[in-house]
Each structure stands twice: as structure tokens, then as C-alpha cells.
Amino acid sequence: MKDILRLLSYIKPYWHFQTLYILCQLGYFGGFIVLPWIEKILIDDVFLAKNADKLLPTCGLWMLVAFGMYLFSLGFAYFPIKVSQNAAKDIQLAAYHHLRRLGFKFYDTQQTGKVMALFTSDTPKVIEGFQIFASDYPTNTILLIVTIPVVMSVSWQLCLLSLLLVGVTVSMPILLNKSLNRIGEEVQEQNAVLSSNLQESIAGSRELKGLGKELYDLKNIHHFLKQLVTIRIKQVKIQKVGDILAIWWLSDALVLLVGGGYVLQDAMTVGELFAVVMWFNALQRPVHFLVTLHLSIPSVMAAARRIFAFFDEHEQEPQDGTPITHIEGSVQFSDVSFEYSDAQPVLKRIRFQAESGETIAIVGPSGAGKSTLVSLIPRFYEPQHGNIFIDTTPINTIQIQSLRSHIGIVFQDPYLFAESIAYNIRLGAEDPEAITHEQVVAAAKLANAHDFIMNFPQQYESEVGERGIQLSGGEQQRIAIARVLIRDPKILILDEATSSLDAESEALVQEALIRLMEGRTSFVIAHRLSTILNADKILVLNDGELVESGTHAALIQRNGVYYDLFQKQFAGMQKGT
Ligand SMILES: Nc1ncnc2c1ncn2[C@@H]1O[C@H](COP(=O)(O)OP(=O)(O)O)[C@@H](O)[C@H]1O
Ligand SMILES: [Mg+2]
């Protein structure tokens, strides 16, 4: 019930259309109550009474009512679309905004396809829900309730008989409710599973082709499709068993039989009997509606619950805190401990100070916690213990977007959007629209990207493929650097920015990075010796602990973990490359 009310809250802004819709529906179906009455007059007072004068006005009245029903039917085709489409749009927008404000914790654990299914499969299902709860259910119930006293006024015995027959038809779906509930949830879940598998196999096309696993993958999708077909068919089967409308015409015979007896005994007129039969058949409409509605409610509610769970279960990033306009750029970690979710400490009591403008190199074996450490600075995650300060302000008191506007990040594998190169570069700025073409070009030049961009036929307006396919890794990286240059942040994070590049593009990227680092506090996770040698301070991480820190010379002298690491990883480079 709570879920239903929550669902209905989305049509509240469109209540006036909804009201018009319900009125049109009542007007239209009201015709089904009025017409039998006119039929009764026709039979009793015109045909059987052989009253020719009344024929034309009575038929005229019939036509008038029928025309009115036509007008109402137009309204009830138009208004519900207006309401449900708008409300669905609102849900999708709300879901999208929610999605954008979720933290990395969410993105670490959720499959993209499952989230997509909220938009492609759950929302359309929920549209049915608006229809059901906000109009079909109430109007048909009203009609049912209005028809009863009308029939009662003609013959209470026939009315009771009709109600008994109605009762039989609606009892079935109530009995089936539980299994329908379960299967409804299964269908929506399977839709989500299918969608996430499709998404994965599209995103991983290159790998699958490379591994020669296209068919293997197809088999997988085939399996999910087959499963979906099986449960959908099962769903319809159960729904149809519950929908015993065909029996209705059998009950017509019962009404005629009993009513016919009354007519022969002169307890009822012929007109009244036919009016009752017509009402009874008109009743079929609301009853049929209520029955089938009842049968589709489980799958609608399953979809709604999935959407609400998405809204409720995942916490947004905190939106409070004070914005900061200017920072000097010093960063201090004070006893920072962090774990992801499994109570397995990833960073243990990290403590260091980076002065404004310094270059801090972070080294350590893979899995030591280097990426995790730098991801705490833009508050991608919140440490469980300790504090991080920028200048002297604890970062958890700074408004997140404002904090991030002072930080630029270059990842190992940058993501370029399927838009123009200029668009991708502008995206770095707080207000992309305010960036002039000259500024874009200047940033690209500093990033060593201008020359190759000018070689494309459409230059800065060239579209980048979904994953920047037609650009090499080094080219993508240089565009990512231009993007950060446009941002002009005080603090810079380079997480293995050159490690997936070949030597030649690495040199170009390296040059661009050195320009980028100038005058900024830079945290560099690097595999490159020169970067480390030039760093003001080296932090050596091992298994989440800051085991050593200092300059290269000091750390070599110390002959500890760094010395070993240096011998293993970098000493060869010094000689060879
Ligand atoms: N998003 C995540 N969720 C859970 N555990 C993670 C996540 N990212 C990294 N880890 C774990 O945290 C540890 C440190 O990882 P990471 O910071 O990426 O190390 P590094 O960058 O030094 O290779 C590893 O044990 C890794 O498995
Ligand atoms: Mg890493």
C-alpha cells in the first residue's frame, strides 16, 4: 500500500488531467448504465405497447447518449497518455539525478545493465501502474457500485444472482495472487539480468572478439533469452487461467433462465429482463477490468519496488559543506585509515604533509593502496578514521563539487565521450560554455595534442568514437591532459597516467604532464624513474602502510623497502631505457 501511494505521488503534478480523465471514463461507462434503461422503455413502452409516437424520440435519445459516449471516449484516450508519459518522465529524471549523485561505492558494485533496466524495462511497466491505480481501478469500482442499485431497483433477486456470478469470476485471481506476485518479480529481475548481460557483451566486444569468444557469449545471451521466454509464457498462462471471462456468457443463460421465469409469471416485464441482461453484460466490463488489473498488479509492483529500492538503498554523496573559492594547495593526511566495505583495512594510519606546489610521488607494489590513497583527496570515498586537510580546512567540511573543482585527475585509461574533441576538452572547465575556442586550442597545444587534432579532417569538431576508438592511447591521454589544463586546478592527481603507453607516445605525454604539473600540488603514481627522481617527496606504500617517505637520495641511503623496490623496478631502466 505504501508503495502504491508512493507511485501515485508521481501523478500528483498532473492531477487536473487525471481528473478530466476519470470524468471522461465515468461519462463513457455511464452510458452503459443509461442505454439499457432506454432499451427497457423501447421494449415495454414502444414495441409491446405499440406506441408509434414514442419511437422517434426514444431512438433519438439513444443516439444522443451514444454520441456523448463517443466524445467522452476521445478524452479518455488522450488524458491518460498525457499523465502517464509525463509521470514516467519525472521518474526517469529523478532516477537519473539520483544516479549522478551516487558515490563510487555504488558504481563499484552495480552492473550498468541492471541500472539501465530501470529506465528501459521498469519505468514502462510502472506506467501501467498509473493507469491501474489512478483510474481503471477506481472508475471500474465506482461503476460496479453504481450499477448494483440500478439493477436492484428492477429485481433484487436477479441482482443477487448477478453478484454471485461476479464473485466467482473475481475469486480466481485472488487465489492466484501469490504465484503471480512471485513470477512478476522474476520477470522484471530477468529483464534486468538480460540487460546487464547485453551491456557487458557490447562493452566487452573487443575482448570477446580478441578471445574468439563471440559464440560462447552468444550462448550466454541465448540462455537468458530462453529463460525469459519460459517465465513470460508461464506468467501469461497463470494470468489466463485466472481470467475466466468466457464463463460470463454461460452466466448470461442463467440470468435469462431465472429472469425468464419471472417474466412468464408476470413478475417482470420483457423490457426489464432485457435491461437487466444488458446491464449484466455491461457489468462484464468493469469486472473484466478489475480481474485483469488485479492480475497485472504484481508485475507492476515488482517494477515499482525495484525503482524505489534504487532510490532508497543507495546513498547519495553528501551535498552539504561550505564551498571554497580559493585554495593554496597544501594537502595533509592526518592518521587516515580506510577500508572499502569488507572490514579489510586498505590504508592504515597514513600521515604526511604535501606543501603547495610540491610533487609527491607515490610508489609501492600493486595493490598497496596507491590509487585508494589519492581517491580520498577528491572525496570519492570517505575515510573511516583520521582527517585530510587542504590548506587548513578538513575536506569533509568542504562542499564536494567545490572541492573537486580544485582537483584535476588523469587516469591510466581516460574516458572520452562520443562527442567532438573540443567538447571533450571543454568538459574539464567548471562552465564549459564559457570556454572560447582559443582557450581550447591553447590547452591542446600545451598538452601536445594540437598537431594531431589539426590532422583530422574536422579538426576540433571531429567526433570521438564511443570509447575513443579511432584515437590511440597516447592521443586520448593528451586530450585528457588538455581537459585538466582547461580546469586549471591547484591539485593534480596522476594515476599511472603513462603506464599503458608505448615509449614514443609516452615521451609526448610525459612532456605534456610536466607542463601540467607546473605550479600545482601533484600526486603522481608513476612507474617512470624520472618522475620519481624529480619528486619533492616520495611516499612508499606497502600493504596499506606508509613505510617510508623522503627524497630519492634519502630513501636510497636508508637502504630499506624503497631501496629494494628501486633495485627491482627501476634500476634496469636507468641503464637500459
Ligand atoms: N573499489 C574497490 N572496492 C573494494 N576493494 C578495492 C577497490 N579498489 C581497490 N580495492 C582493494 O584495495 C586494495 C588497494 O587497491 P589499490 O588502491 O587499487 O592499489 P594500487 O593502486 O596500489 O595498486 C587492493 O587490495 C584492492 O583489491
Ligand atoms: Mg592503482
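Around ligand 1 sit Asp-108, Tyr-340, Val-346, Gly-364, Ser-366, Gly-367, Ala-368, Gly-369, Lys-370, Ser-371 and Thr-372, where being around it means a C-beta atom, placed from the backbone, within 6 Å. This is a predicted model: local features need pLDDT of at least 70, side-chain atom pairs count only at pLDDT 80 or more, and totals for chains, interfaces and linings use all residues. Residues are numbered from 1 along each chain as its sequence is written, while chains are lettered from A and ligands numbered from 1 in the order in which they are written.

Helix α11 (residues 370–375) gives the largest share of that shell, 3 residues. Helices here are DSSP runs of H or I, at least four residues, and strands are runs of E, at least two, numbered from the N terminus. The shell divides into 3 nonpolar, 6 polar and 2 charged residues; Ala, Val, Leu, Ile, Met, Phe, Trp, Tyr, Cys and Pro count as nonpolar, Asp, Glu, Lys and Arg as charged, and the others, Gly among them, as polar.

Next, the helix pair. The axes of α16 (residues 473–487) and α17 (residues 503–517) come within 9 Å and cross at roughly 10 degrees; axes are lines fitted to C-alpha atoms, for helices over the stretch in contact, with angles from 0 to 180 degrees between N-to-C directions. So α16 is roughly parallel to α17, a label for angles under 35 degrees. Their contact residues are 8 nonpolar, 4 polar and 1 charged.

Last, Gly-519 lies in the loop between α17 and β8 (521–525). Gly-519 counts as exposed because it has 12 C-beta neighbours inside 10 Å; the cut-off for exposed is 12 or fewer.

Definitions and conventions. Angles under 35 degrees count as roughly parallel, over 145 as roughly antiparallel, 65 to 115 as roughly perpendicular and the rest as oblique. A residue is buried if 20 or more other C-beta atoms lie within 10 Å of its own, exposed if 12 or fewer, and partly exposed in between; C-beta atoms are placed from the backbone.
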